[in-house]
Amino acid sequence: MNNYKKINFKINKNIEGSEGKKHFYLETWGCQMNEEDSEKLSGMLKKTGYIRTNNKHNADLIIFNTCCVRENAELKVYGNLGALKKLKEKNSELIIAVCGCMMQQKDMAESIIKKFPFVDIIFGTHNAYKFPEYLNRVKQEGKSVIEIQDKEEGIVEGIPVDRESSIKAFVTIMYGCNNFCTYCIVPYVRGRERSRKPEDIEKEISDLVSKGYKEITLLGQNVNSYGKDLEPKMTFAQLLRQINTIEGLERVRFMTSHPKDLTQDVIDAIAECDKLCEYIHLPVQSGSSNILKKMNRIYTKEQYLELIERIRKAIPNVAISTDIIVGFPGETEEDFEETLDLARKVQYDSAFTFIYSKRKGTPADEMEDQIDDDVKHNRFNRLVEVINASSAIKNKEYEGREVEVLVEGLSKNDDEKLMGRTRTGKLVNFTGEKDSIGNLVNVKITKANSFSLVGEQIG
Ligand code: 5AD
Ligand code: SF4
């Protein structure tokens, strides 16, 4: 997914009449699924009268929505939690809540409360919708609440969502993952695959379109297995074609696709449906068939390359991104060179590169031949070089082209300029009309940088 970063939400600046109201501070680590969960936590809190703040020091409630996909993500949570002790000492009324994937791990809630006894509420991913109830209990009973639900329930619809953007939105189409890649903790903390009903998804998108949203990203750990659990069954390609008929919607993206499940009918849908963007995120994880087998990825290097060829043939100018892990147990120099070779052959537009991180409870954690840190770091740097070179080549192809850009706002580094993204997901900074924010415009690309494009609006 696009991907594991620390997320800073925009804060509602309109705090007129906020005197006397309670403020909450919400920090999120992890992928878009976590980001979406946080939009729901925020939505529920705002409904009960809370106001969002970006200042921990004036908050009445602090929530950390955590990630555990790599050890780094967890270390950050520990560091940030430790720093809250002083705030709690200053303000005993302060309520501290910790939730998200990290809390779903065995014995984690107990360990958190032991290390950080000032935490008031702990809950997991499966019962996040009950957060307002837990908050009330803490306020009324003055005792901490720790509720982790081991098993996922059905899907809870109708939770209010406080969205970060008013132009583009994430819409979750399915939860959980059944794949059990041997390095990955996600299936253990997010449960089995559950698809939302197509009518609920379409209603949510239609409501967003009526509020002016132009772009939707459909989310799921493995969107290509959408609908297998529904009655009647439905394929992801069918869902895409149905969504493509929603009037007023301009762009549809989706993530993440597992190479073993990306079927020709999905590729054909992207090629044929005007709203489906020419962009696919297709995590390869490794270029060595040997390592792919150990990872339980169910495809070989050759099969992946053949899939890329079919995608490129069917969808001209498609942008392809990926996730790659270096230093998986047993990865030899030859295995790693297979990864470099694959990356050079595919010529990715971009890639999220990760150093393998041991996760308790996963099969890879128990494997022999764990790789030394310095070897991992060396491989990581060599891989990043190859990826950056191909991103630069791919961006260069845009020079002189006219592209459609959805204008998202002012440029980060120059507020005389606008920024937006192409259908292929490229970031463009350009000179143009400020009143085009929120609209689709045509931009002529004048220059390509390694990670973004520069241009001027032409209509
Ligand atoms: N170590 C390193 N990277 C990991 N990912 C998942 N689990 C691990 C791990 N244990 C990466 C994969 C996945 C992305 C979201 O995170 O590349 O696609
Ligand atoms: Fe993790 Fe593999 Fe599922 Fe992705 S498909 S969430 S990498 S188990």
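So, the crossing of α8 and α9 is left-handed, meaning the near helix is turned anticlockwise from the far one by less than a right angle, where clockwise would be right-handed. Before I go on: this is a predicted model, with local features needing pLDDT of at least 70 and side-chain atom pairs counted only at pLDDT 80 or more, while totals for chains, interfaces and linings use all residues. Residues are numbered from 1 along each chain as its sequence is written, chains are lettered from A and ligands numbered from 1 in the order in which they are written, and side-chain values use heavy atoms, with hydrogens and water left out.

Back to the helices. α8 is residues 236-243 and α9 is residues 264-272, and they pack at an angle of about 15 degrees with their axes 8 Å apart. That makes α8 roughly parallel to α9, the word we use for angles under 35 degrees.

Which residues meet there? From α8 we have Phe236, Ala237, Leu240 and Arg241, and from α9 Asp265, Val266, Asp268, Ala269 and Glu272; contact means heavy atoms within 4.5 Å. Sort the residues of that contact and you get five nonpolar, no polar and four charged.

Okay, salt bridges. We call it one when a side-chain nitrogen of Lys or Arg is within 4 Å of a carboxyl oxygen of Asp or Glu, and the count by that rule is 30.

Take Glu215 with Arg253, where the closest N and O atoms are 2.9 Å apart. This pair links distant parts of the chain, with Glu215 in strand β11 and Arg253 in strand β12, 38 residues apart. Buried or exposed, then, for Glu215? Glu215 is buried at 3% relative accessibility, and Arg253 is buried too, at 9%. The cut-offs: buried is under 20% relative accessible area, exposed is over 50%, partly exposed is in between, with a 1.4 Å probe and protein chains only.

Next, Lys168 and Glu408, with their closest N and O atoms 3.1 Å apart. Lys168 sits in strand β8 and Glu408 in strand β16, so this bridge ties together parts that are 240 residues apart in sequence. Lys168 is partly exposed at 28%, and Glu408 is partly exposed at 22%.

Arg310 is partly exposed at 30%, and Glu306 is partly exposed at 40%.

Last one: Glu39, Glu157, Arg163, Arg196 and Glu204 are linked in a salt-bridge network.

How values were computed
Axes are lines fitted to C-alpha atoms, for helices over the stretch in contact, and angles run from 0 to 180 degrees between N-to-C directions. Helices (H or I, at least four residues) and strands (E, at least two) are DSSP runs, numbered from the N terminus. Angles under 35 degrees count as roughly parallel, over 145 as roughly antiparallel, 65 to 115 as roughly perpendicular and the rest as oblique. Ala, Val, Leu, Ile, Met, Phe, Trp, Tyr, Cys and Pro count as nonpolar, Asp, Glu, Lys and Arg as charged, and the others, Gly among them, as polar.
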